[in-house]
Amino acid sequence: MIKENLANIKDALPEYVTLVAVSKTKPETDIMAAYEAGQRVFGENKIQEMAQKWEKLPKDIEWHMIGHVQRNKVKYMAEFVSLVHGVDSLRLLTEINKQAMKHNRIIPCLLQIHIAEESTKFGLNTSELNALLTSNEFKALENVRICGLMGMATFTENQTQIRKEFGNLKTIYDSVKKKIDSLSILSMGMSGDYQVAIEEGSTMVRIGSSIFGVRNYN
Ligand SMILES: *Cc1c(COP(=O)(O)O)cnc(C)c1O
């Protein structure tokens, strides 16, 4: 099933869109089924779970941290993480920079923007985003690289609203890209809304349940 689901989704994605297979809560056997079908980019939302999987699984897997990041756990992923999607403060970015420095590397990051109606979803608003990007503290960080933006739409059946929220994020992305030319990633879209996200300009989708089946949180 995993191979089939993956093939169907890949067929439907434009070639410039990167698929992050969201394997959180799923066993290593499921990840290996996707790996054997050619998938190399996986997303997790808990740092320790991701670190355990990284230790055991093939080293050519790119691990993306897609969940909310606690600063005291950054050290567990600094050695290997390929992309951190959910950066939502200068304090967190500063900690990622510090841990990256210890491993003598640059960690690629996305800034998470709050686009949903729900107040529960994390992320910066546009004024916080601008304050961060123009601060001297940010400009001094040499071991992180901002590669793009990430956002999550409201959990709703209302397609018009989802489209509007993704459209807003694309507008913000375009305006930041005028200032930071190295931006290339707009991470938006999950199992339920990735088609709309792509129509609105997404270049990276994070898909879990449509590949691996529904999650079982015990
Ligand atoms: C779990 C998760 C996903 C994947 O969700 P699905 O609906 O299973 O595709 C995408 N992005 C984030 C941030 C997640 O936490």
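**Close-up views of a predicted model**

View 1. Serine 191 is buried, at a relative accessible area of 18%. The model is predicted. Because buried means under 20% relative accessible area, serine 191 falls within that class. Serine 191 sits in the loop that links strand S7 (185-187) to helix H8 (194-199). Beyond its neighbours within four places in sequence, serine 191 is in contact with Arg206, Ile207, Gly208, Ser209 and Ser210. The side chains of serine 191 and serine 209 are joined by a polar contact of 3.4 Å. Ser191 and Ser209 are also among the residues that surround the ligand.

**View 2. The ligand and its surroundings.** Residues around the ligand are Val22, Lys24, Ile66, Met150, Met152, Met190, Ser191, Arg206, Ile207, Gly208, Ser209 and Arg215. Which part of arginine 206 lies 2.8 Å from a nitrogen atom of the ligand? It is a polar atom of the arginine 206 side chain. Glycine 208 places a backbone N or O atom 2.8 Å from an oxygen atom of the ligand. Serine 209 has a polar backbone atom 2.8 Å from an oxygen atom of the ligand. Taken alone, the ligand exposes 390 Å², and the protein buries 90% of that.

**View 3. Lysine 24, an annotated position.** An unreviewed UniProt entry annotates Lys24 as "modified residue: N6-(pyridoxal phosphate)lysine". Lysine 24 lies in the loop between strand S1 (18-22) and helix H2 (28-36). Is lysine 24 buried or exposed? Lysine 24 counts as buried because its relative accessibility is 14%, and the limit for buried is under 20%. Lys24 is one of the residues surrounding the ligand.

**View 4. Threonine 25, with positive phi.** Threonine 25 is not a glycine, yet its phi is positive, at about 70°. The loop between S1 and H2 holds threonine 25. This residue is partly exposed, with a relative accessible area of 32%.

**View 5. Asparagine 104, with positive phi.** Asparagine 104 is a residue other than glycine with a positive phi, near 55°. Asparagine 104 lies in the loop between helix H4 (90-102) and strand S5 (107-113). Its relative accessible area is 69%, so asparagine 104 is exposed.

**View 6. The largest nonpolar core.** This core has 64 residues, and Val84 and Leu149 touch the most other members. Helix H7 (residues 159-179) gives the most to the core, with six residues. Which residues does leucine 149 touch, not counting those up to four places away in sequence? They are Leu110, Leu111, Ile113, Leu129, Leu169, Ile172, Tyr173, Val176, Ile185, Leu186 and Ser187. Another core, of eight residues, lies apart from the largest one. Among its members are Val20, Val41, Met150 and Met204. Met150 is also one of the residues around the ligand.

**View 7. Lysine 139 in helix H6.** Lysine 139 belongs to helix H6 (residues 136-139). Lysine 139 is exposed, with a relative accessible area of 56%. Leaving aside neighbours within four places in sequence, lysine 139 is in contact with Leu133 and Thr134. A polar atom of the lysine 139 side chain lies 3.3 Å from the backbone oxygen of threonine 134. Lysine 139 and alanine 116 are 23 residues apart along the chain, and 28 Å separates their C-alpha atoms.

Key
Residues numbered from 1 in each chain as written. Predicted model: local features only at pLDDT ≥ 70, side-chain atom pairs only at ≥ 80, totals over all residues. Heavy atoms only, no water. UniProt positions renumbered as here; feature names shortened; annotations may be inferred. Helix = DSSP H or I, 4+ residues; strand = E, 2+ residues; numbered from the N terminus. Buried < 20%, exposed > 50% of the residue type's maximum accessible area, 1.4 Å probe, protein only. Core = buried A, V, L, I, M, F, W, Y, C linked by side-chain atoms within 4.5 Å. Contact = heavy atoms within 4.5 Å. Near = heavy atom within 4 Å. Polar contact = N/O pair within 3.5 Å; in protein donor to acceptor, adjacent residues only side chain to side chain. Areas by Shrake-Rupley, 256 points an atom, 1.4 Å probe, with all protein chains shown as cover.
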